[in-house]
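Subject: Structure for you to look at

Hello,

Here is the structure I promised to pass on. Please open it first, then read my notes alongside it.

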Amino acid sequence: MANSIAIASGKGGVGKTTIAVNLALTLTKMGSKVALFDTDFGLANSHIMLGINPKKTIRDLIKNNASINEVIENGPAGLRFISGGSGLIDILNIEKNSIFQVIRALDSLEKLVNTMIVDTPAGASDNSILFSAAVDRLLIVLVGEPTSFLDAYTFIKAANIEKGIRNFSVVVNMVDNDETGKKTFDKFHKITDKFLDVNVSYAGSIPKSTKLQQSIVKKLPIVLNKDAELEAIAFKRLAKNVIKSATNRNKGIRFFSGS
């Protein structure tokens, strides 16, 4: 069965999509057959970072009965990509049944890929929680700011209460070094450990670097830059830790469950 991983965050602006794109490409370079699904319907931007101009988006599947094969795009390094669409107001708040329709439509991808990366909408919205509950592993993006701590805590609490999710991995983004990342995680972990009945593990950190910032402007993911060795190592370490992290097997509709 294919492995599914959601990338989530308590708030926007913490680099969630940058991590989702580069993690997907890292896993591809490590030998996995990967699909990246941008579920921020109507406000998606993963395609910009990948330098892709999608011919069709998930809207065509929901509204125009397009098949998943018509919607999926070929990205760099063999990555498969499904766009949530950008500037499409009519799918910003689609109904739960439409989300279930989308998840089931992706079942056929299990023949093509063995890993699905799901870039969820920022925050603890209904859609974000639904997609986070439909995957095997859940990665939360955190930065060392009080607002990020509060919003990430709120997301984890909501996911646990509403969907019974208990296992969360955390990556600390925009750090000076991994020691700082681990200290930031430890501070956050003390809060979740004190007030929530969940398992939160450290998946690693991503450095704050000029090269990474420039890669976003250039629409060239950092792990495809041969001169960005430090960043590539960080993403490879993250990929290995996420793959080994604890899984969630919640009841309800799930990617590749066939039910």
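A first point to keep in mind: this is a predicted model.

**The whole chain**

Start with burial. Of the 259 residues of the protein, 54% count as buried. The protein exposes about 11600 Å². Carbon and sulfur atoms supply 49% of that area.

Next, the overall build. The protein has 10 helices and eight strands. Its radius of gyration is 17 Å, close to the 18 Å that the globule rule gives for 259 residues, so the protein is as compact as a globular protein of that length. The C-alpha trace spans about 50 × 45 × 35 Å along its principal axes.

Now the contacts. Take those in the protein with a separation of 6 or more: residues 24 or more positions apart account for 81% of them.

Charges come next. The protein has 33 positive and 24 negative charges.

E3 and strand E4 (residues 80–82) run antiparallel, joined by two bridges. Asparagine 74 stands opposite arginine 80 in E4.

**Strand E5**

Now find strand E5 (residues 115–119). Five of its five residues are buried, so E5 is largely enclosed by the rest of the structure. In a regular strand the side chains alternate between the two faces of the sheet. Check that here: Thr115, Ile117 and Asp119 point one way from E5, and Met116 and Val118 point the other way. All of these are buried.

E5 pairs with strand E1 (residues 3–9) in parallel, through five bridges. Serine 4 stands opposite methionine 116 in E5. E5 also pairs with strand E2 (residues 34–38), again in the parallel sense and over five bridges. Here valine 34 has threonine 115 of E5 as its bridge partner.

- Methionine 116 has 0% relative accessibility and counts as buried. Beyond residues up to four places away in sequence, methionine 116 touches Asn3, Ser4, Ile5, Ala35, Phe37, Leu106, Leu109 and Phe256.
- Leaving aside neighbours within four places in sequence, threonine 115 is in contact with Asn3, Ile5, Leu27, Ser32, Lys33, Val34 and Ala35. Threonine 115 and valine 135 are 20 residues apart in sequence, and their C-alpha atoms are 11 Å apart in space.

**Strand E1**

Are the residues of E1 buried or exposed? Seven of the seven residues of E1 are buried, so E1 is largely enclosed by the rest of the structure. Asn3, Ile5, Ile7 and Ser9 point one way from E1. Ser4, Ala6 and Ala8 point the other way.

E1 also joins strand E6 (137–142). The two run parallel, with five bridges between them. Alanine 8 stands opposite isoleucine 140 in E6.

**Two helices**

Helix H6 (residues 126–133) is mostly covered. Seven of its eight residues are buried. They are Asn127, Ser128, Ile129, Leu130, Phe131, Ser132 and Ala133. What do these buried residues pack against? Their partners are E1, E2, helix H5 (96–105), E5, E6 and helix H7 (146–163).

Last, go to helix H8 (residues 178–195) and find threonine 184. Its relative accessible area is 12%. Buried means under 20%, so threonine 184 counts as buried. Apart from its neighbours within four places in sequence, threonine 184 is in contact with Leu142, Gly144, Phe149 and Val172.

That is the tour. Trace the strands on screen as you read.

Best wishes

Methods: Residues are numbered from 1 along each chain as its sequence is written. This is a predicted model: local features need pLDDT of at least 70, side-chain atom pairs count only at pLDDT 80 or more; totals for chains, interfaces and linings use all residues. Side-chain values use heavy atoms; hydrogens and water are left out. Helices (H or I, at least four residues) and strands (E, at least two) are DSSP runs, numbered from the N terminus. The radius of gyration is taken over C-alpha atoms; the globule rule is 2.2 Å times the number of residues to the power 0.38. Buried means under 20% relative accessible area, exposed over 50%, partly exposed in between (1.4 Å probe, protein chains only). Contact means heavy atoms within 4.5 Å. Accessible areas come from the Shrake-Rupley method with a 1.4 Å probe; for residues, only the protein chains shown count as cover. Lys and Arg count as positive and Asp and Glu as negative; His and the chain ends are not counted. The place of a charge is taken as NZ of Lys, CZ of Arg, CG of Asp or CD of Glu. Two strands pair if DSSP finds at least two bridges between them.
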